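The tour goes from the whole chain to single side chains.

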Amino acid sequence: MKKRLAIVLSCCLLLSGGWAWPATTAHGAMAKVEFSINNEALILPVDSTPYVSGSTVMVPLRIAGEALDLTVSFIKKNNIVLLAGGGSELSLKVGGSEVTINGQDTIAFEGKVVLRNNRIYVPLTFFYALGLVTTYDAVSGEVAVNTTQAMANTVLGLFTSGKYELLSQRYFSKVMQTAVSVPQLQQAWESIATPNGDFVKLKSVQASKGNDGLTIVSTVSFSKGDVAVTSLVNNNGQIIGLHISPVPADLVIPASVVEEEINVGAGTTHPLKGTLTLPKNATGPLSAVVLVQGSGASDQDETAFGYKPFRDIAWGLAQQGIAVLRYDKRTFTYPQQFMGEAATGVTVKEETVDDAIAASLLLKSDKRINPARVYMVGHSLGGMLAPRIDAEGGDFAGLILLAGSPRKLWEIMNDQYAAIFKAMDDKDPLKAQSQAMLAAEMVKANQMSTWSETEAKATTLFGSPAYYFMEMDQHNTETLARKLTKPVLVLQGSDDIQVYANKDYPLWQEVLKNDPLAVYKLYPGLNHFFVNYDGVGAGTATEYNVAGLVDAKVISDMAEWITGQK
């Protein structure tokens, strides 16, 4: 079925790929040609077959345009070609290398438009510049142009029919084929698709074109939830990047809540987008909280797998009269500044601590907020860092620790990896290798306190710069937490497989034993994100692949604790 042309102008930054052109015949024409649009082969007159000029594939514009439901006209006296359809009008000129869209935006492409045998030919790159998927196979002589919708349908069809090997061989670049084996591809798909039930339909397709390729995001509906398949496609139709993830539940903001865009760190080198969530028509100075995310480059909702826990918490608390500030992490907003060589000197101070303090000061300066009743809610790593953030300038009225730990980060990571490796089959040769590698990492971790900063920055621990862990150890969570005398609420899910109810939760009780204002709550059946799940893959990371919401009891307990403070 023919699809209308979609022109996409937005940009993305992901992976990169190359495009190599083979030799042609002595006369510059391909010996055997099959030209297809949206996977349908076109019947071509003898004088209108694609051909190669130098390193550029040229295709007949009128035939291709009409196959894409475009009206094509040629104004001979001006050497201008017009294409119309899908609500857009395109114009380009014979001899030119750019196309103008609706008389305003101009996009350049490689090669030039030519008039040959009274037919207009354009480089294949013309269609790629417009956001379409283009392919040329010199061996088979196949030239193809597909809309991103057609590409998404093809990839999804291969996934849902279990044709993983065909998907890899036909559409993956050589680098992708090496990086992702067919069994790995199958596991990646099934671990997310299976818990979400039966396939229903391809719900939507969005695409954007950047310097590194076309990013195609397909939202796929299953009976229990939606899944996003994100493909990065290079200029020869090869997939060079692929990500499969569940889509968090798409909710409508409650009628009793309002949200304002806010900027954390305005005027600094790293301003961050944020959202202030407020109860509608609230009067009087409000109690408020700052939400601080766990590890990783997280957005302000702390979007992870099928969850948006910070959105759930913000809306839930605001419905109970409490203002909430959440914001994107620096590593999310400025990823290039925290990657590669730049990562060797990054610590949690730059990644998390400084911005949480700035958020606290921002809330306290808002006249709608009671500055004496600003609290911090830290999840996972955010919970671990809460005593430090408070001591270094956050100065909160109280702390809520969601699935945090007073232990060292590398100790927790060791436990997590050990559990994964222990579950592997004893016959799998990778099990012993993995356990040996983990033991070697722990030797380094235990020696880290003797290293200089230079040594730590030159060494990795669990694949990350060791200096990151070393700097955290120098601001020990347990030591700082033992000094707390302010209200602290420790919340933990019993089914958490990342921070442990039988180890980290009781350790908080021991560490905070001298704080008379510390309160503890353990929730049966809740995981690391405080979501209750009993389906396929329960008790493993697979359960994160099914969209879920933070348990309402957890949010109401936080609200009751905050409003109950003197």
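What follows is a list of selections, with a note on what each one shows.

This is a predicted model, in which local features need pLDDT of at least 70, side-chain atom pairs count only at pLDDT 80 or more, and totals for chains, interfaces and linings use all residues. Residues are numbered from 1 along each chain as its sequence is written, and side-chain values use heavy atoms, with hydrogens and water left out.

**Whole protein**

Now look at contacts, meaning heavy atoms within 4.5 Å. Of those between residues at least 6 apart in sequence, 62% join residues at least 24 apart.

**Surface and charges**

The accessible surface comes to about 25800 Å², and carbon and sulfur atoms account for 52% of it; the areas come from the Shrake-Rupley method with a 1.4 Å probe. Of the 566 residues, 51% count as buried, that is, under 20% relative accessible area.

Next, colour the charged residues: Lys and Arg count as positive, Asp and Glu as negative, while His and the chain ends are not counted. Each charge is placed at NZ of Lys, CZ of Arg, CG of Asp or CD of Glu. The mean positions of the 46 positive and 55 negative charges lie 5 Å apart.

**Aromatic pairs**

Show the rings of Phe, Tyr and Trp (its six-membered ring), which pair if their centres lie within 6.5 Å; planes under 30 degrees apart count as stacked, over 60 as edge-to-face and the rest as tilted. The structure holds 18 aromatic pairs.

Select F126 and F127: their pair is edge-to-face, 5.0 Å centre to centre with 75° between the planes. F126 is buried at a relative accessible area of 1%, and F127 is buried at 2%.

Go on to Y468 and F469, an edge-to-face pair with 5.8 Å between centres and 80° between planes. Y468 is buried at 14% relative accessible area, and F469 is buried at 3%.

Then select F159, Y164, W189, F199 and F222, which ring pairs link into a cluster.

**Charges over rings**

Which ring lies under the charged end of R116? Select Y51: the charged end of R116 sits over this ring, 3.8 Å from its centre. The term requires NZ of Lys or CZ of Arg within 6 Å of the ring centre and within 35 degrees of the ring normal. Finish at K457, whose charged end sits over the ring of Y467, 4.9 Å from its centre.

Technical notes: Buried < 20%, exposed > 50% of the residue type's maximum accessible area, 1.4 Å probe, protein only.
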